[in-house]
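Dear colleague,

Please find below the structure that I am handing over to you. I would be grateful if you could look through it before reading my notes.

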Amino acid sequence: MAKNSSTAIRRTRSKGRRSPLATIALIVIGLVTTGGAYALFSSTASAETQPSSSVAANQSSVDAGKKLFAANCATCHGLNAEGVDGVAPSLYGVGAAAVSFQVGTGRMPLANQGPQAEEKPVQFTSAQISEMADYVASLAPGPGIPAEKYLTGDADASEGAELFRVNCAMCHNVAGAGGALTDGKFAPALSGVSAEHIFEAMETGPQNMPVFNDKNITPQQKADIITYLKYLDKNPSPGGIDLGNLGPVAEGLFIWIFGLGAVIGVTIWIAAKAN
Amino acid sequence: MAQHDDGGTNAAAGSAVEHSDLSNPGTAVVSSDAIQNPGLPPHRLRVTDIDPKKEKTAERNVYTLFYLSIAGSIFAVAAYVAFPITPGDTNSVRLNTLFLGLGIALGLLALGIGAIYWAKNLMRGDEFTEMRHTTRGSDATRERAVEIFKEGNQESGFGRRALIRNSLIGALLAFPLPGIVLFRDLAPAADPAKLLAHTMWKKGMRLTHDPSGAPIKASDVTLGSVFHVIPEGLNQKEDALEEKAKAAVLLMRLEPDLLHVSKGREKWNYNGIVAYSKICTHAGCPVALYEQQTHHLLCPCHSSTFDVEHECEVIFGPAKRPLPQLPITVDSEGYLIAQSDFHEPVGPSFWERS
């Protein structure tokens, strides 16, 4: 950009057709539009989900996060979060969203090696988590903490339901009850998960979950999906007790054992002689 | 037939005969292979037959159950009024159905259990045999029946007027023919094998988001992403669902050096972005469970597992063929497009599949 503009200035001056003020105005307009367009269409998370300017400014928070990181995370992820081969991934570019999700749901620090990191009681206060998130976000650009307006759960639930069926239901079950994957891995149930963590999981793709970036599912569509999941939480199955939405196999097994068992019991009672 | 069935008397008679034989056995050894009819077991009195107190209790149980049934039925009506269905509120449907069902179930179950309990404990309790009636009618009845048939034949002329009879039989045979012809047309008019062998993908068609139909740029597909893809213009098609059932595609991006590309497929991926058919080659379920760390695709129906690194070859489960790959590239605007249709039929095997 800079080179182009400087040559442009020279050219206009040598020809002397326009006044210098017009040239400056033109350059300013050009810079603003290209810069604005770049900000709008930049590669990863859109500007809306990344209040990183305010985050980056807070150096004390980053320093506190670095200390927490060195004490709690560096054993596996390395002192500079560069990762250790075969032990833990590098944290460059995972962004504040990944920290907020992994630490905020208790998945990190990892309790023990297993098929996948499981949810457990959270080990840090929310202030400590945001300090660590600031530190990791300061290492390299990545998805940030989602904006509050996407987390209120009052977007379009039916739109969210369709997106959920297309993108999420195959692993998480159409009612968000979760499901099994291979080798002991599983997709967790989504009831009671906070809106922020749902958003961050889609944004960062923790563990074996694929990434759903903002070009795949826009922030507004993510808000729709959150609305659908919150709707499910608030509105239990209209058909009565739902057996935990375990799916047709488990529900079939239940009725085969308990339903048929009751029928057989009654038949035996009818046919038996009274004492 | 009928005489064989009245077990009780026959067995008694049989044993009586044998008994008389035994009284004078002579030198012969009589051995019978036939299974003896054991007859009815000795009658055992129930507690309600012996103990009047127990009888009273049983009686009380039965009418309590009947009263319970009345209460259940009234409860069902009351619940239907007390928990009305408010339009738009699924929770009200849930409560209404639950309590109505509980009331009706109580009404019917208590009634049935009470009736059986009554029959088992209080009604006549000794065992007895009822003889069957013969099914053959009397000779007079049988003769009269034959007479009626003959009279009918004579009066209608069915046997005499052969032309009427035969044309009637012909008309009855021809009557179902239109139905059979119509049923034939339930099958696809065109050759179904051809329909199964091709999808709507063709050269230059853009890959678009499912369900919105917005085109996808190659730069949108970041590492670890999975996109659910439909062909451009699918939503505008009249038979969109039929076409989607064949053309649905899964789009993933891997590190290019993780892909093991076989000869002839070098140009089918774009910088590590690969597109595979979403239709399982086993039973046609949508294979969409993608593990982004192992790069395995799972089928939710029968757990067939496909390895995306090795061109979706089957590494577990009942599927026999790898998922067909859709050759993709980008157009001048950076949007992902198909290079051609799939090079083989997608989905499960069918008879004419080569």
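Predicted model: local features only at pLDDT ≥ 70, side-chain atom pairs only at ≥ 80, totals over all residues.

**Chain B as a whole**

Chain B contains 10 helices and 10 strands. It has 354 residues, of which 23% count as buried. Where contacts in chain B join residues at least 6 apart in sequence, 56% of them link residues at least 24 apart.

**The contact between the chains**

Chain B contributes 33 residues to the contact, and chain A contributes 24 residues. Four elements of chain B each supply at least two residues of the side that touches chain A: helix 5 (90–121), strand 2 (226–231), strand 5 (289–291) and strand 6 (296–298). Helix 5 of chain B gives the most to this side, with 9 residues. Sorted by class, the side of chain B that touches chain A comprises 13 nonpolar, 14 polar and 6 charged residues.

**A sheet in chain B**

Strand 2 of chain B, which supplies residues to the side that touches chain A, also belongs to an open sheet of 4 strands in the order 1-2-3-4, with antiparallel pairing. Strand 1 (207–209) and strand 4 (273–277) of chain B are at the edges; each has a single partner strand, so one side of each is left without a neighbour in the sheet. From one strand to the next, the twist averages 45 degrees. Strand 1 and strand 2 of chain B pair in the antiparallel sense over 3 bridges. His209(B) stands opposite Val229(B), a residue of strand 2 of chain B.

**Two helices in chain A**

Helix 7 of chain A (residues 126–139) has 14 residues and reaches 20 Å from its first C-alpha to its last, close to the 20 Å expected at 1.5 Å a residue. Its buried residues include Ile129(A), Met132(A), Ala133(A), Asp134(A), Val136(A) and Ala137(A).

Two packed helices are described by the angle between their axes and the distance between the axes. The axes of helix 6 (residues 95–104) and helix 7 of chain A come within 8 Å and cross at roughly 145 degrees, and the crossing is right-handed. On helix 6 of chain A the contact is made by Gly95(A), Ala96(A), Val99(A), Ser100(A), Val103(A) and Gly104(A); on helix 7 of chain A it is made by Ile129(A), Met132(A), Ala133(A), Asp134(A), Val136(A) and Ala137(A). By class, this contact has 8 nonpolar, 3 polar and 1 charged residues.

With kind regards

Methods
Residues numbered from 1 in each chain as written. Chains lettered and ligands numbered in written order. Buried ≥ 20, exposed ≤ 12 C-beta atoms within 10 Å, placed from the backbone. Contact = placed C-beta atoms within 7 Å. Nonpolar A, V, L, I, M, F, W, Y, C, P; charged D, E, K, R; others polar. Expected span 1.5 Å × (residues − 1). Axes fitted to C-alpha atoms, helices over the stretch in contact; angles between N-to-C directions. Left-handed = near helix turned anticlockwise from the far one by under 90°. Pairing = 2+ DSSP bridges.
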